[in-house]
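Me: I'm new to this one and would like to go through it bit by bit. Can I show it to you and ask some questions?

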Amino acid sequence: MRALVIDSADLTRKRLCTFLRDRGYDVDIADTGEEGVLRAQGFAPAVAFVAQQLPDIDGEQLIQPLTSLGVDTRVMVMADAVELDRAVHAMKHGAEYYFAKPLDFDHVAMILDGVESLQRSSREDAHSRRMDRRKSSRTPTIGESPQIVKVQRLVKLLAQNRTTPVLIMGESGSGKELVARSIHELSGISGPLVEINCASLSEALLESELFGHEKGAFTDAKVLKKGLFEIAAGGTIFFDELGEMPLAIQAKLLKVLDTNLFRRVGGTIDIRSDARFMAATNRDLPQLVREGKFREDLYYRINVLPIKLPSLRERGGDILLLADYYVRLVGESMGRSYMRLNSSVEELLCAYRWPGNVRELRNVIERALILAGSGPIAPDHLPADIRELHPVETGSAENGKLLPLWQVEEEHIRRVLCSTNNNHSRTASILGMSRSTLLARLKKLSPLS
Ligand SMILES: Nc1ncnc2c1ncn2[C@@H]1O[C@H](COP(=O)(O)OP(=O)(O)OP(=O)(O)O)[C@@H](O)[C@H]1O
Ligand SMILES: [Mg+2]
């Protein structure tokens, strides 16, 4: 495994390099951000340790270029002093971990243990054509709300019907990628899951990435290159952020879906593709179709059994199930498996609207665990916007506009439902209504915007 250390401070660099080499890593070093990114491109490190302060750039600005190298590089930021807001910001933007200097190497080792085992399993997933599903270490899809149970049913159904295209829609952080992986793994197909982010490449690059190119197809095409459709043979090709796919590529994709045939760029022979199609988007595809930005025929072709992931705020008691799961998971990685949430924290978590969904919840829990140290998690350890009064108390939305009564009521029903873990009888009794009245109200709850 390879590690890259980007830091201009000699002492940290030296100690860290020794530590990493002892752990069996091939280590490369860079003094500046620019040099770091250049080295990373050739070196493809599994982990990169980046100082927050570098001579030419703020280390956090390297998170994005380093994590998008396409090799699953995990970025650890090293700060001179812990500033919580920056730590949270860094982790929200893709950093794996945020350490304070001087580094506590026991702690670094613990975090690396987790990263290494995750990377091992994802490498196995990607490369092993004889994937042993019993060993699979995928994240379980946590949740018991009716909405997520429906999703789980669809996941099973789609895993059994291996030729049906899969379309997953949902807000950012709602678990689209997790669902795609689950379907792939449950379907027991032998090929790899190959992912492509449609927003990250230009039209020309996307085309040669997908279909490959013949030698000499264009100036830079010095050798024949296989496209992802070929690499995904016998497996799954997963288009993330499908809504961003350029129209010209959409037309080509539709053709592959219809005929199972494609040609390399500059090629003249048809190649057969048996990769299963999956796609995810957080955009409103019907709206994009109306705006002429997404092909209607492609939309109908893939919209067979679409999975619409509910937002976290629609999932009631799942908020607490997930929060508990992350408290245990993250707590264990910090050696604090005894950590639990108390009821005042739970109440605040239930009342919040979760624009960043499950990913945001995970970040909030991680942050709270870091802040709580070895003590109990208290409301103070939650970010200000979660601690602040919310619509039910203020009767107003985030923009300060006063809300109509039905909306305040709905918020309150959702909140009580969450805190009783979706127990209808208890919810009804707290709200002072009969169970049947509650059920009728739940049916009428407006879909959240
Ligand atoms: N039901 C769930 N149970 C457990 N973990 C979940 C669940 N849903 C999402 N997660 C976790 O939340 C995080 C975000 O999920 P994921 O990356 O799948 O979201 P996404 O919809 O693809 O987000 P984006 O739109 O930003 O790409 C991941 O760490 C994932 O493991
Ligand atoms: Mg995603």
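Me: In which loop does P102 lie?
Reply: Keep in mind that this is a predicted model. Most peptide bonds are trans, so that's one to look at. As for its place, P102 sits in the loop between β5 (97–100) and α5 (105–127).

Me: What is phi of N260 near?
Reply: N260 is found in the loop between α10 (247–259) and β11 (261–262). Most residues other than glycine have a negative phi. N260 isn't glycine, yet its phi is positive, near 60 degrees.

Me: Which residues come nearest to ligand 1?
Reply: There are 18 residues around ligand 1. They divide into 6 nonpolar, 6 polar and 6 charged. Helices α7 (176–186), α13 (318–333) and α15 each supply at least two residues of that shell. The ones that come nearest are I142, G173, K176, L178 and R359.

Me: How much of ligand 1 does the protein bury?
Reply: Let's go through some polar contacts. A backbone N or O atom of S174 is 3.3 Å from an oxygen atom of ligand 1, and for a backbone N or O atom of E177 the distance to a ligand 1 oxygen is 3.1 Å. R359 uses a polar side-chain atom instead, 2.9 Å from an oxygen atom of ligand 1. On its own ligand 1 exposes 630 Å², and the part of that buried by the protein is 85%.

Me: At what angle do α4 and α15 pack?
Reply: Here we have helix α4 (residues 84–92) and helix α15 (residues 357–372), with axes 11 Å apart. The crossing of α4 past α15 is right-handed. The angle they pack at is about 145 degrees.

Me: And how many residues of that contact are charged?
Reply: From α4 the contact takes L84, D85, V88, M91 and K92, while α15 brings N363, E366, R367, I370 and L371. Sorted by type, the contact has 5 nonpolar residues and 1 polar one, and the number of charged residues is 4.

Technical notes: Residues numbered from 1 in each chain as written. Chains lettered and ligands numbered in written order. Predicted model: local features only at pLDDT ≥ 70, side-chain atom pairs only at ≥ 80, totals over all residues. Heavy atoms only, no water. Axes fitted to C-alpha atoms, helices over the stretch in contact; angles between N-to-C directions. Helix = DSSP H or I, 4+ residues; strand = E, 2+ residues; numbered from the N terminus. Left-handed = near helix turned anticlockwise from the far one by under 90°. Contact = heavy atoms within 4.5 Å. Nonpolar A, V, L, I, M, F, W, Y, C, P; charged D, E, K, R; others polar. Near = heavy atom within 4 Å. Polar contact = N/O pair within 3.5 Å; in protein donor to acceptor, adjacent residues only side chain to side chain. Areas by Shrake-Rupley, 256 points an atom, 1.4 Å probe, with all protein chains shown as cover.
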